Amino acid sequence: MIVTLRSGADPEAIRRSLIARGLWVTRFENRSGQPLFLVRPGSGTLDPAELERIEGIESWAAPQTTHPLVDAALGMVQIGPVPIGPGWPPVLMAGPCAVESAEQITAAAARVAAAGGRFLRGGLFKPRTSPYDFPGHGREGLTWFTDAARTHGLLTVSEVLSESAVEPLAEAIDLLQVGSRNMHNAALLSSVGAARRPVLLKRGMAATLEELLLAGEYLLLHGAPAVLFCERGIRSFDTTTRNLLDLSAVAYLAHVKQLPVIVDPSHALGRKDLIRPMSRAALAAGAAGLMVETHDDPGRALSDGPQSLTPREFRDLAGDLGFSPGDAERR
Ligand code: PEP
Ligand code: MN
């Protein structure tokens, strides 16, 4: 159940009244900053007439949904100076799969900024399928990454692979990424949410949209101020592409649920020759932004070289999609 307050009502007094009636409540705010209370399931029943008697309660609703916070979080989210969501100009996030060195990530940041990107991506903790593959530089690479982004006026997005990485990354990174392999990790979702930073939540490779939305609900319930939902391809029977980019999911999340969706064509396709047409398709389907991998020398990349765009390919893609460095000033 969601309880909405009248403007000017005292949220703390209302919280106490609800708790005194035996309800488990979590306070949160909608996009306009209006305080709301979520009455958590299982906290006992209450006669609606009782609620009406509490001073300051405007309305209450028992939504027929398993993810009321996600449903209430529709529309645009603001990360730093950048608005992201349905109806806003698309946002470009780009960078290498992994942060490999200070030089590599600084050159990538320059490239991303010059192409009109607003976020620098780069993995510090890499979820590799094989334990013999490069696992990322971890905390050692963090200042390379944040310095590179700051020098070029970019925001940062990087994956939080485990609960132990939440604290160091939450302090330094603008947008915390929960990776595909961790979308179902309830403990990680809870602690990432509790860090109270915006989150890029990647869809699990075999996750239904309901499961994705419930993972978003975990993040919001535990305190995340905003969640961007990322479609990065799902497993299919066909191995022509690394995954199957689910554009129906993009259209559903953007148009039916009115949620901010980021599409990652790099991990969806696993091959760079299809990134341009599928990026265009993603934007046409309603994506609020794209996350693309680019590397200064893909043949030498420590991870995901085959899907990484060269500097020239990346510049051409961004230009073709209409991104330009002047975008920041125009917003
Ligand atoms: C990534 O973006 O670095 C990544 C590992 O992606 P995914 O979780 O979608 O596989
Ligand atoms: Mn990658």
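**Reading a ligand site and helix pairs**

Mentor: Start with R232: an N or O atom of its side chain is 2.6 Å from an oxygen atom of ligand 1. That is a polar contact, meaning a pair of N or O atoms within 3.5 Å. The model is predicted, so local features need pLDDT of at least 70 and side-chain atom pairs count only at pLDDT 80 or more, while totals for chains, interfaces and linings use all residues. Residues are numbered from 1 along each chain as written, chains are lettered from A and ligands numbered from 1 in written order, and side-chain values use heavy atoms, without hydrogens or water.

Trainee: Which side-chain atom of R181 lies 2.8 Å from an oxygen atom of ligand 1?

Mentor: A polar one. For S180, a polar backbone atom is 2.8 Å from a ligand 1 oxygen.

Trainee: How much of ligand 1 does the protein bury?

Mentor: Alone, ligand 1 exposes 290 Å², and the protein buries 96% of that. The areas are Shrake-Rupley values with a 1.4 Å probe.

Trainee: Which residues are around ligand 1?

Mentor: Count a residue if one of its heavy atoms lies within 4 Å. Among them here are R121, K126, E159, K202, H267 and M291. The shell divides into 2 nonpolar, 4 polar and 6 charged residues. Asp, Glu, Lys and Arg count as charged, and Gly counts as polar.

Trainee: What describes two packed helices?

Mentor: The angle between their axes and the distance between the axes. Axes are lines fitted to C-alpha atoms over the stretch in contact, and angles run from 0 to 180 degrees between N-to-C directions. Helices are DSSP runs (H or I, at least four residues). Take α4 (residues 102-114) and α5 (residues 142-151): their axes come within 8 Å and cross at roughly 25 degrees.

Trainee: Are α4 and α5 roughly parallel or oblique?

Mentor: They are therefore roughly parallel. Under 35 degrees is roughly parallel, over 145 roughly antiparallel, 65 to 115 roughly perpendicular, the rest oblique.

Trainee: At what angle do α8 and α9 pack?

Mentor: About 50 degrees, with axes 11 Å apart. α8 and α9 are therefore oblique.

Technical notes. Polar contact = N/O pair within 3.5 Å; in protein donor to acceptor, adjacent residues only side chain to side chain. Helix = DSSP H or I, 4+ residues; strand = E, 2+ residues; numbered from the N terminus.
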